Amino acid sequence: MSNLTIRRGQEADLPQVLALIQELAEYERAPHEVTNTLADMQRDGFGPEPIFKFFVAEQPGGRIIGIALYYTAYSTWKGRMLYLEDLVVTESLRGTGIGKRLFDAVVAEARHTGANRMKWQVLEWNEPAIGFYKKIGANLDPEWHNGNLTAEQLLAYQCEVVNK
């Protein structure tokens with residue numbers, strides 16, 4: 001796809017970005033898990049304290065067919081790192097090299113920002129993605145488990161310190 005453009009995401013892209021996120025949730029068999037909204041993404045990506053950035057793969061005419069959403073994180077051992085939250089290419093165009101071009105953009109951003117590490121996750125059954133990551137020589141760490149608390153669990157958790 002030589003006529004494809006990889007560029008930084010803009011606020012006007014968010015409706016198409018959210019649609020790709022929903023497409024990814026369908027692929028990952030969890031469409032009911034997407035609770036993010038356009039308003040949330042506008043606030044969190046373009047509000048007074050932006051917490052994420054993204055690249056888009058755009059066809060002529062403005063159709064966005066892929067995204068790579070990332071944010072800066074910090075490792076106590078390594079310092080600044082970039083976390084690739086999601087890399088999504090619309091299903092009909094997967095395997096055409098668009099994902100690699102988006103991944104390359106995030107790697108270039110990690111280098112540009114002085115990151116000492118780049119991290120991401122991949123589902124254990126997503127063989128095409130695992131194959132891609134193995135092909136580029138990435139480390140897929142079997143030792144670490146993912147932990148998280150849902151919004152409901154955060155509210156139910158008994159904190160001794162309360163931020164106001």
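The model is predicted, so local features require pLDDT of at least 70 and side-chain atom pairs count only at pLDDT 80 or more, whereas totals for chains, interfaces and linings use all residues. Residues are numbered from 1 along each chain as its sequence is written, and side-chain values use heavy atoms, with hydrogens and water left out.

**The sheet**

Select the five strands, which form an open sheet of mixed pairing in the order β1-β2-β3-β4-β5. Strands (E, at least two residues) and helices (H or I, at least four) are DSSP runs numbered from the N terminus; two strands pair if DSSP finds at least two bridges between them. At the edges lie β1 (5–8) and β5 (117–119), each pairing on one side only. From one strand to the next, the twist averages 25°.

Next, display β1 with β2 (residues 53–58): the two run antiparallel and are joined by four bridges. Isoleucine 6 has alanine 57 in β2 as its bridge partner.

**The nonpolar cores**

A nonpolar core is a set of buried Ala, Val, Leu, Ile, Met, Phe, Trp, Tyr and Cys residues joined through side-chain atoms within 4.5 Å. Buried means under 20% relative accessible area, exposed over 50%, and partly exposed in between (1.4 Å probe, protein chains only).

In the largest core, of 23 residues, select Ile98, Val106 and Met118, which touch the most other members. Helix α3 (98–112) gives the most to this core, with six residues. Centre on methionine 118: leaving aside neighbours within four places in sequence, its contacts (heavy atoms within 4.5 Å) are Leu82, Leu84, Phe103, Val106, Val107 and Ala110.

A second, separate core has 14 residues, including Val17, Leu20, Val56 and Leu69.

Select glutamate 58, in strand β2. Glutamate 58 is buried because its relative accessible area is 17%. Its side chain makes a polar contact of 3.0 Å with that of arginine 7; such a contact is a pair of N or O atoms within 3.5 Å, where, within protein, one must be able to donate a hydrogen and the other to accept it, and residues adjacent in sequence count only if both atoms are side-chain atoms.

Finally, move to asparagine 146, in the loop between α4 and α5 (151–156). Asparagine 146 counts as exposed, at 64% relative accessibility.

Key: Axes fitted to C-alpha atoms, helices over the stretch in contact; angles between N-to-C directions.
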